[in-house]
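Subject: Structure handover

Hello,

Here is the structure you asked to see. My notes follow below it.

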Amino acid sequence: MTPQIQGEIHGRTIQLFLVDGTPTGLRKATIHGWTGLTFVATGTTFAALTARAELDRTGIYILSGPDAEAVGGTRAYIGSANSVRERIKQSAAQREFWETAIAVTTSDDDLSKGHVEYLEARLIELAGAANRVTMDNGTSPAGQRRRLPEADQANMEAFLSNLKIILPVVGLDMLKPQPRAVTQTATPVAQRISGEISYEIRHKSGVQAQAVEEDGEFIVLEGSQALRNTGYVQQSYVALKDNLVKQGVLTPQSDTLYAFARPYSFSSPSAAAAVVLDRNSNGLSEWKVKGEKRTYHDVKQARIAADGVGV
């Protein structure tokens with residue numbers, strides 16, 4: 001038997017069951033060796049979700065959907081209940097933003113009211129710290145709702161660890177901490193992005209922008225510039241850019257330029273390039289390794305080739 005190495009990360013098996021056999025229907029997700037049951041529904045499959053016998057158990061639930069006040073953003077509501085079925089119906093009826101409903105219970109019905117209130121409070125706390133979604137809860141649950149015996153707290157933290165794995169798999173990445181390039185702004189940029197490839201936009205207009213890719217996210221750094229009032233026809237990202245101005249991420253620098261007041265994580269290099277150049281752009285070719293001719297595409301292809309050699 002091979003001894004376990006301290007700090008070693010092992011693979012996990014997640015089973016995703018399509019309840020009615022279609023990819024758009026109700027889904028049930030489980031992790032091998034975990035008693036947690038996660039159900040994912042949309043508006044059209046919500047009735048199928050609440051009809052499940054498992055929802056007449058103690059558990060937690062999450063409602064998520066587009067944030068009307070932040071283009072490209074997500075709004076979420078987190079709740080807990082002795083009977084998830086009844087509470088999730090009430091919460092869904094009171095909120096118009098949601099498009100996805102997630103319910104979490106257990107196969108052995110071993111969660112108590114104290115357990116799920118602890119989970120609810122910790123989920124709200126973690127989501128607030130990650131700052132990836134706008135919380136619709138208003139205020140966080142009172143601290144005393146999280147008081148559990150030490151052993152129970154440890155068990156619920158283990159439960160949370162599994163939720164951190166399964167939620168991104170079912171499409172809700174609200175607990176993942178922000179990249180250090182975004183959060184560690186008190187640290188000089190050179191130190192903050194140490195070890196990462198630095199990319200830049202080189203354009204005849206003279207606009208300058210610098211970015212890094214960290215943990216799958218493409219981050220344009222503070223001090224970068226973005227063109228404004230170019231007159232280009234831009235269909236895809238004009239709303240996102242307007243929202244960045246509204247949030248204060250982009251601040252006017254001149255009649256023709258914005259400046260990034262703080263780092264911002266984009267969903268793709270093309271989204272970042274479109275905002276910087278004020279038009280739809282191919283980020284694969286617009287972003288180049290700083291000081292080199294290699295494009296973002298060249299770097300990706302080299303990584304793919306290197307991975308192939310190691311297979």
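I call two residues in contact when they have heavy atoms within 4.5 Å. By that rule, and leaving aside neighbours within four places in sequence, L26 is in contact with F17, L18, V19, D20, V40, A41, T45, A48, L49 and R52.

Before the rest, the ground rules. This is a predicted model, so local features need pLDDT of at least 70 and side-chain atom pairs count only at pLDDT 80 or more, while totals for chains, interfaces and linings use all residues. Residues are numbered from 1 along each chain as its sequence is written, and side-chain values use heavy atoms, with hydrogens and water left out.

**Around L26**

L26 lies in the loop between β1 (14–18) and β2. Helices (H or I, at least four residues) and strands (E, at least two) are DSSP runs, numbered from the N terminus. The relative accessibility of L26 is 3%, so L26 counts as buried. Buried means under 20% relative accessible area, exposed over 50%, and partly exposed in between (1.4 Å probe, protein chains only). L26 and A48 are 22 residues apart in sequence, yet their C-alpha atoms are 6.9 Å apart in space.

Strand β4 covers residues 59–66, and seven of its eight residues are buried, so the rest of the structure largely encloses β4. Two strands count as paired if DSSP finds at least two bridges between them. Strands of a sheet pair through backbone hydrogen bonds, either parallel or antiparallel. β4 pairs with β5 (residues 74–81) in the antiparallel sense, over eight bridges. There, S64 has A76 of β5 as its bridge partner. β4 also pairs with β6 (residues 100–106), antiparallel, over five bridges. Y61 has A103 of β6 as its bridge partner.

**The cores**

A nonpolar core is a set of buried Ala, Val, Leu, Ile, Met, Phe, Trp, Tyr and Cys residues joined through side-chain atoms within 4.5 Å. The largest one has 30 residues, and I62, I102, L163 and M174 touch the most other members. At least two residues each come from β2 (27–31), β4, β5, β6, α3 (113–130) and α4 (150–169). The largest share is from α3, with seven residues. Beyond its neighbours within four places in sequence, I62 is in contact with A76, Y77, I78, T100, A101, I102, L167, L172 and M174. Another core, of 27 residues, lies apart from it; V220, L240, A273 and V275 are among its members.

**A three-stranded sheet**

β11, β13 and β12 form an open sheet in that order, with antiparallel pairing. β11 (225–227) and β12 (250–252) are the edge strands, each pairing on one side only. Neighbouring strands here are turned by 35° against each other on average, direction ignored. Axes are lines fitted to C-alpha atoms, for helices over the stretch in contact, and angles run from 0 to 180 degrees between N-to-C directions.

β11 and β13 (residues 257–260) are joined by three bridges. A226 has Y258 of β13 as its bridge partner. Helix α7 (residues 238–247) lies across β11, β12 and β13, at about 75° to β12. Helix α8 (residues 269–277) packs on the sheet too, touching β11, β12 and β13, with its direction at about 70° to that of β11.

**Rings**

Rings of Phe, Tyr and Trp (its six-membered ring) pair if their centres lie within 6.5 Å; planes under 30 degrees apart count as stacked, over 60 as edge-to-face, and the rest as tilted. That gives nine aromatic pairs. The ring centres of F218 and Y296 are 5.7 Å apart and the planes stand at 80°, so this pair is edge-to-face. F218 is in β10 (residues 217–220) and Y296 in α10 (residues 296–310), 78 residues apart, so the pair links distant parts of the chain. F218 is buried at 1% relative accessibility, and Y296 is buried at 5%. Another edge-to-face pair is F260 and F266, at 6.4 Å centre to centre and 70° between the planes. Y199, F218, W287 and Y296 form one aromatic cluster.

A charge sits over a ring if NZ of Lys or CZ of Arg is within 6 Å of the ring centre and within 35 degrees of the ring normal. R95 does this over Y77, 3.6 Å from the ring centre. R228 lies over the face of Y258, at 4.6 Å.

Best wishes
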